[in-house]
Amino acid sequence: MPEPQNPDAVEPGVPLEPAVAPPLTTEPPAAAEDAHADDESLEPSAPASRARARRVALLSLRLVAGTVAVVAAAATIAAVGLVPFPDVGITPPSATVTPVPADEVRACAGSALRFGDETGANADTAAPIGVPAVRSGAVNAQLERSAIAASDAGNGGSSSAPTVLRIASADGSALAGAQSQAVDTRDFRGFAVAGCAEPSGSIWLVGGATTVGRTTILTLSNPTEVAAQVSLSIFGEQGAVQAPGLTGIDVPAGTQRVLSLAGFAPGLVSPVVHVEARGGQVVAYLQQSIVRGLDATGVDLVGGAPDPGTEMTFAGVQIFDSLGTSRALALDDWHDVAPVVRILNPGTAPTEVTVSVTPVDPSIAGTSFPVQMEPGVVTEVGLDSGAEVDSGVSLADGTYTVTMTADQPFVAGVRTSAAADIGPIETQDAIQAPASDLAWYSGSSPLEGDALVVVANGPHPELAAVNPTTADVSLVLDAQDGADITLVVPAGGAATTPVTPGVSYLLTGANGLYAAVSYAADDSLGAYPVTSARPVSGPIVIRQ
């Protein structure tokens, strides 16, 4: 039915039609309306038809225009999202610079030291004892040797001062050094050995003691051309040590500082020292010596340990003359000849460290045990903890690998001692002290590529290698002056081989292995890890 028209409505956009007067009729208006409503056959008037047509056309145009607008907007958004904007701005000029590699440098510990002379005078002045035997080697480079120019011990520039080794860094070059010294004088008797170390701004030292009869000296050598300012953090069995003088220690370029650890922390059974340097970098060592009553019974050098980590590996740990050492434990003031592990938790939460002691010889029994660690506290426990033993040292003579794991970073060290067997002790009278010595073992870091190692002079040196991988490794010791050695290191195990004192070996096929050189005799116990050089600087992009 046609839509009724409203004569008063005006369609927008439609011109007004002239008004037409309705025709006269005699029928009542109501009847006329009903008749018009019921008569569907009547055609609409021309003006009404044109108005409706225009409305339909306008509505269609609006629908079409809206659809076109939506499609155009979608296309625009897609184009904006898919087409990248052009870069607007100014690209700063830049240059890539490849620094000239710095020289490779190693610094050795220097001679054994004491405070005061043999008469006990000048107790606050450091003095050297003898001259160490320094061995060094280089591959594909010219080696330069010099001495630290000045030292608190007054021996700067001499053969007893720390030796500095230097080569120009190049592809395929390598540098290594080690020193040893047998000391036999009043209050000092034993064998001290250490590898020459690369300067660093952060060094952890695990070892020593400052209790009665135990003397520990800290040495700081700066082989660089820049003055260093050093800060010390000392930890013990009661936690961090608070003492004056631990910060702002000046170590000028080319000098050595000598400090008594007891001056900062007397009475410590188990110290751990963190050395931090600003400006120049330094090389740090602890020297420990022991006097039991009137008898000098050991000297050793403690080198840097790896930075705190959740895993530690100690290669080549020697148990030597366990029977003699067990009997020495019965003597007065010989309680610290038992082998121990010393661990520091430098974090803020407790943790548990699992210690595994695995012999290289599978016919020997090892042991494993947990150590509960409180934050900031040093804990020291027997290396043979967990083994069944009534008394004495329960670990049999031999070479061991000590591994430690935890869920939080820690630092650690291992100490063993040797003592000649003096037989059963059946008298209360004074007994002459047996020949004895101690050794501190620092953790090893995994080797990267080939590595050069120099064997210091000493009794019965051997190289121990640990293989954490799942495949056997054939490690070649390429002697720079002597006979080569091939050592097969089993998967997940370790192997040892005798090496020649004074010879340099280039270890090929060593990537991922841990290695150390160790010495063992009743009066000459010692060790040092084999290390890889830190990487040199790469290219640098400089933007102006």
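How many aromatic pairs does the count come to? The count comes to three aromatic pairs, where rings of Phe, Tyr and Trp (its six-membered ring) pair if their centres lie within 6.5 Å. The legends below describe close-up views of a predicted model, in which local features need pLDDT of at least 70, side-chain atom pairs count only at pLDDT 80 or more, and totals for chains, interfaces and linings use all residues. Residues are numbered from 1 along each chain as its sequence is written, and side-chain values use heavy atoms, with hydrogens and water left out.

**View 1. The protein as a whole.** The secondary structure comes to three helices and 35 strands. Helices (H or I, at least four residues) and strands (E, at least two) are DSSP runs, numbered from the N terminus. Of the 544 residues, 44% count as buried; buried means under 20% relative accessible area, exposed means over 50%, and partly exposed lies in between (1.4 Å probe, protein chains only). Among contacts with a separation of 6 or more, 77% come from residues 24 or more positions apart, a contact being heavy atoms within 4.5 Å.

**View 2. The ring pair of Trp204 and Phe235.** The two ring centres are 6.4 Å apart and the planes meet at 25°, so the pair is stacked. Planes under 30 degrees apart count as stacked, over 60 as edge-to-face and the rest as tilted. Trp204 belongs to strand β11 (residues 202-206) and Phe235 to strand β13 (residues 228-236), so the pair ties together parts that are 31 residues apart in sequence. Trp204 and Phe235 are both buried.

**View 3. The ring cluster around Tyr519.** The rings of Tyr519 and Tyr528 have centres 6.5 Å apart and planes at 35°, so this pair is tilted. Ring pairs link Phe191, Tyr519 and Tyr528 into a cluster. Tyr519 is found in strand β33 (residues 514-519) and is buried, with a relative accessible area of 0%. Tyr528 also counts as buried, at 5% relative accessibility. The C-alpha atom of Tyr519 is 9.1 Å from that of Ala439, although the two residues are 80 residues apart along the chain.

**View 4. Arg292 and the ring of Trp334.** Arg292 lies over the face of Trp334, at 4.5 Å from the ring centre. A charge sits over a ring if NZ of Lys or CZ of Arg is within 6 Å of the ring centre and within 35 degrees of the ring normal.

**View 5. The disulfide of Cys108 and Cys196.** The count comes to one disulfide, meaning a pair of cysteine sulfur atoms within 2.5 Å. Cys108 is joined to Cys196, with an S to S distance of 2.0 Å. The torsion about the S-S bond is about 95°, so the disulfide is right-handed. Cys108 is in the loop between β2 (104-107) and β3 (112-115), and Cys196 is in the loop between β10 (188-195) and β11; the pair links distant parts of the chain, 88 residues apart. Both cysteines, Cys108 and Cys196, are buried.

**View 6. Two aspartates with positive phi.** Most residues other than glycine have a negative phi. Asp321, however, has a phi near 55°. Asp321 is in the loop between β20 (309-319) and α3 (322-328), and it is buried, with a relative accessible area of 17%. Asp333 has a positive phi of about 70° although it is not a glycine. Asp333 is in the loop between α3 and β21 (340-344) and is partly exposed, with a relative accessible area of 25%.

**View 7. An open sheet of three strands.** The strands stand in the order β2-β8-β6, with antiparallel pairing. Strands of a sheet pair through backbone hydrogen bonds, and here two strands pair if DSSP finds at least two bridges between them. β2 and β6 (144-147) stand at the edges with a single partner strand each, so one side of each is left without a neighbour in the sheet. β6 pairs with strand β8 (residues 163-167) in the antiparallel sense over four bridges. Arg145 stands opposite Leu165 in β8.

**View 8. Ser221 and the residues it touches.** Ser221 lies in strand β12 (residues 214-222) and counts as buried, at 3% relative accessibility. Leaving aside residues up to four places away in sequence, Ser221 touches Ile148, Pro162, Thr255, Gln256, Gln281, Val282 and Val283.
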